[in-house]
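Hi,

Here is the structure I promised to pass on.

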Amino acid sequence: MEPRHRIQDINAQLVRAALRNQAAVLDEVFAIAAERYFSHWGLKEEDLAQATEQIARLSGDGHCDYTRFGVPFEYVLRYQGRQVNTALSAMFDAVLEHNGPVRIVDLGAGTAAVEVAVALLLHALEAHGIAGDRHVEILAVEPSRVMFSMGRLLLEELEQRIDPQRLKVSWWPKAKTIQPYNPLSAPTWIVGAHVLHPPFSPDTWAKPLHLLAERLQAHRIYLTSSRRRADYDLIWGVQAAMRVSWGIARGAWELAPGRIDDVPYALIGGGSEGWVLPKTAAVARAAYGEEGPVPAWHRYPPSVYRLLRRGRARPVAAAA
Ligand SMILES: C[S@@+](CC[C@H](N)C(=O)[O-])C[C@H]1O[C@@H](n2cnc3c(N)ncnc32)[C@H](O)[C@@H]1O
């Protein structure tokens with residue numbers, strides 16, 4: 001058991017230092033997993049062209065088809081660094097605050113950005129001998145078999161480079177079929193990382209999120225988004241719809257920017273100085289040529305929103 005000041009003041013510094021050292025490992029992991037994916041599915045030129053067309057929709061308000069074979073490949077080359085950055089901020093609380101088992105349900109896990117971030121955080125604590133009794137079990141909910149095929153490859157590569165003992169990841173195809181399970185009575189987080197995009201509406205998210213939170217007795221829900229106005233509005237809409245549909249009092253859930261100041265959001269990227277994942281960039285060039293996808297990162301703090309349940313469940317920090 002660690003006093004809160006130690007977690008906040010000391011661990012955050014150590015974690016930051018340890019995470020910085022992982023940039024080269026991540027570069028190799030992204031590059032090798034992408035290459036393995038390319039050969040495994042025998043990607044062709046038309047798959048790459050389709051991927052570019054689908055992924056371009058993400059910057060508009062269109063719907064990206066994540067079942068296309070090329071999409072996870074381009075997604076990792078272009079976005080994985082950025083997504084892991086966001087997930088690090090979102091998952092910092094989950095990993096650090098509670099010295100014991102924690103359960104995370106990752107909705108729309110995609111190419112495992114949340115899982116990679118949690119693995120890095122646990123590894124950083126372990127490296128400094130301060131992991132305590134922490135263990136994280138993640139249920140990665142992802143309906144697209146090609147997205148989770150890439151996620152699995154990334155985790156396989158990561159596990160060969162860092163100690164995976166404190167993390168268990170299970171993949172699950174549908175949120176609707178998640179059964180209540182909680183063998184360890186572990187505090188539960190629900191995470192939706194970059195899943196709230198137009199054309200979804202608040203209603204399409206609020207009801208299933210509510211049911212899931214009830215079933216799993218979730219302590220917290222974390223939603224992350226890009227800083228686009230439309231995503232931001234959608235998150236606020238979800239909160240409002242949940243209040244109405246649950247009839248809960250104002251303030252029973254708190255939606256607040258949950259950015260963790262001590263963890264650098266631009267950890268993996270080089271900010272405006274340039275990209276620092278040369279191996280990943282080389283795979284992108286080999287597949288697409290010089291005009292291909294440029295790996296992206298957050299120049300600005302990611303948007304992380306936290307819905308904290310009060311009243312029925314103990315806050316995790318107090319339980320630690
Ligand atoms: C933009 S990606 C985000 C992936 C990952 N969370 C990240 O931060 O990189 C959105 C993911 O949500 C998945 N998805 C779409 N509809 C879903 C649904 N109804 N339930 C769960 N996941 C869904 C997609 O297949 C896709 O992998």
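In which helix is Ala230 found? Ala230 sits in helix α8 (residues 229–246), where helices are DSSP runs of H or I with at least four residues, numbered from the N terminus.

Before the rest, some housekeeping. This is a predicted model, so local features need pLDDT of at least 70 and side-chain atom pairs count only at pLDDT 80 or more, while totals for chains, interfaces and linings use all residues. Residues are numbered from 1 along each chain as its sequence is written.

Back to Ala230: it has 14 C-beta neighbours inside 10 Å and so counts as partly exposed (buried is 20 or more other C-beta atoms within 10 Å, exposed 12 or fewer, partly exposed in between, with C-beta atoms placed from the backbone). Gly60 lies 170 residues away from Ala230 in sequence, but their C-alpha atoms are 9.8 Å apart.

Next, a helix pair. The axes of α4 (residues 70–96) and α5 (residues 113–127) come within 7 Å and cross at roughly 55 degrees (axes are lines fitted to C-alpha atoms over the stretch in contact, with angles from 0 to 180 degrees between N-to-C directions). The two helices are therefore oblique to each other (under 35 degrees is roughly parallel, over 145 roughly antiparallel, 65 to 115 roughly perpendicular, the rest oblique).

Finally, the ligand. Of the 17 residues around it, Tyr66, Gln83, Gly108, Gly110 and Ala193 come nearest (near means a C-beta atom, placed from the backbone, within 6 Å).

Cheers
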